[in-house]
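Please examine the sequence and the three-dimensional structure shown below. The report that follows describes selected features in turn.

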Amino acid sequence: MADTDREKLFFLPFNTGDGGHWLLVAINPFKEIVYYLDSLHNDWTTYPAMKTIVDTIIQTVRAQRKIQVPKRKANNITWNRVECPRQRNNIDCGYYTLRFMKETLLMDRTDIPSDYFDEYRCAYYSKDQLDEIKEELCQFIIELQVL
């Protein structure tokens, strides 16, 4: 990673593997800040495999930058749970995750407020908002000629 990446967020859409729940982790590996967006509003400690992956990413960035961290500070990563819109069923988590990424990119910020973005704050996404992200995903797949 280059120094120009210092003020960037890297997205890690994460699938829990235990029934296929999707959530979003946005990481600033230089500042060692992790933003956690889960449409089920579970605590990030619910998913130990996700924490292991994030820890590995941070450790890899440290190694690439030749940063020595004392053992007592090795897990000094800041986790921010974001109060994002909540899904009302058991099937829309992937679309919520895509929408979280889209809205974060549209805001062009290097952080995510703990109570989400004012412009997009809501209790849950409407059918129209979910249909919009579904249409955009379909259009993206068609343009890539994946199918």
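Just after helix α3, glutamine 145 adopts a positive phi of about 55°. Helices (H or I, at least four residues) and strands (E, at least two) are DSSP runs, numbered from the N terminus. Helix α3 covers residues 127-144, and its end C-alpha atoms lie 26 Å apart. This agrees with the 26 Å that its 18 residues should span at 1.5 Å a residue, where the expected span is 1.5 Å times one less than the number of residues.

This is a predicted model, in which local features need pLDDT of at least 70 and side-chain atom pairs count only at pLDDT 80 or more, whereas totals for chains, interfaces and linings use all residues. Residues are numbered from 1 along each chain as its sequence is written, and side-chain values use heavy atoms, with hydrogens and water left out.

**The strands**

Two strands pair if DSSP finds at least two bridges between them. Strand β1 (residues 10-15) pairs with β2 in the antiparallel sense over 6 bridges, and proline 13 stands opposite leucine 24 in β2. The hairpin of β1 and β2 has 6 residues between the strands, and glycine 17 in this hairpin takes a positive phi near 80°.

Strand β2 is also joined to strand β3 (residues 33-37), by 5 bridges, and these strands run antiparallel. Valine 25 has tyrosine 36 in β3 as its bridge partner. The hairpin of β2 and β3 has 4 residues between the strands, and glutamate 32 in the turn has a positive phi of about 55°.

Why is strand β2 described as largely enclosed by the rest of the structure? Strand β2 (residues 22-28) is so described because 6 of its 7 residues are buried. Buried means under 20% relative accessible area, exposed over 50%, and partly exposed in between (1.4 Å probe, protein chains only).

**Salt bridges**

Side chains of opposite charge can pair when their charged atoms come close. A salt bridge is a side-chain nitrogen of Lys or Arg within 4 Å of a carboxyl oxygen of Asp or Glu. The whole structure contains 11 salt bridges, including those in the table.

| Salt bridge | Closest N and O atoms |
|---|---|
| Arginine 62 and glutamate 32 | 2.7 Å |
| Arginine 81 and glutamate 83 | 2.5 Å |
| Arginine 121 and aspartate 118 | 2.4 Å |

Arginine 62 and glutamate 32 form a salt bridge that links distant parts of the chain, 30 residues apart: arginine 62 is in helix α1 (residues 48-64) and glutamate 32 is in the loop between β2 and β3. Both arginine 62 and glutamate 32 are buried. Arginine 81 is partly exposed at 29% relative accessibility, and glutamate 83 is partly exposed at 38%. Arginine 121 is partly exposed, with a relative accessible area of 40%, whereas aspartate 118 is exposed at 57%.

Arginine 99 is situated in helix α2 (residues 93-107). Is arginine 99 buried or exposed? Arginine 99 is buried, with a relative accessible area of 6%. Leaving aside neighbours within four places in sequence, arginine 99 is in contact (heavy atoms within 4.5 Å) with Tyr116, Tyr125, Gln129, Glu132 and Ile133. A network of salt bridges links Arg99, Lys102, Glu103, Glu132 and Glu136.

Which residues line the largest pocket? The lining consists of Leu98, Met101, Lys102, Leu105, Ile133, Glu136, Leu137 and Phe140. The elements that give two or more residues to this lining are α2 and α3. A pocket is an open set of points, on a 1 Å grid over the protein atoms alone, where a 1.4 Å probe fits, with protein on both sides within 12 Å along at least five of seven lines; lining residues have an atom within 4 Å of a point.
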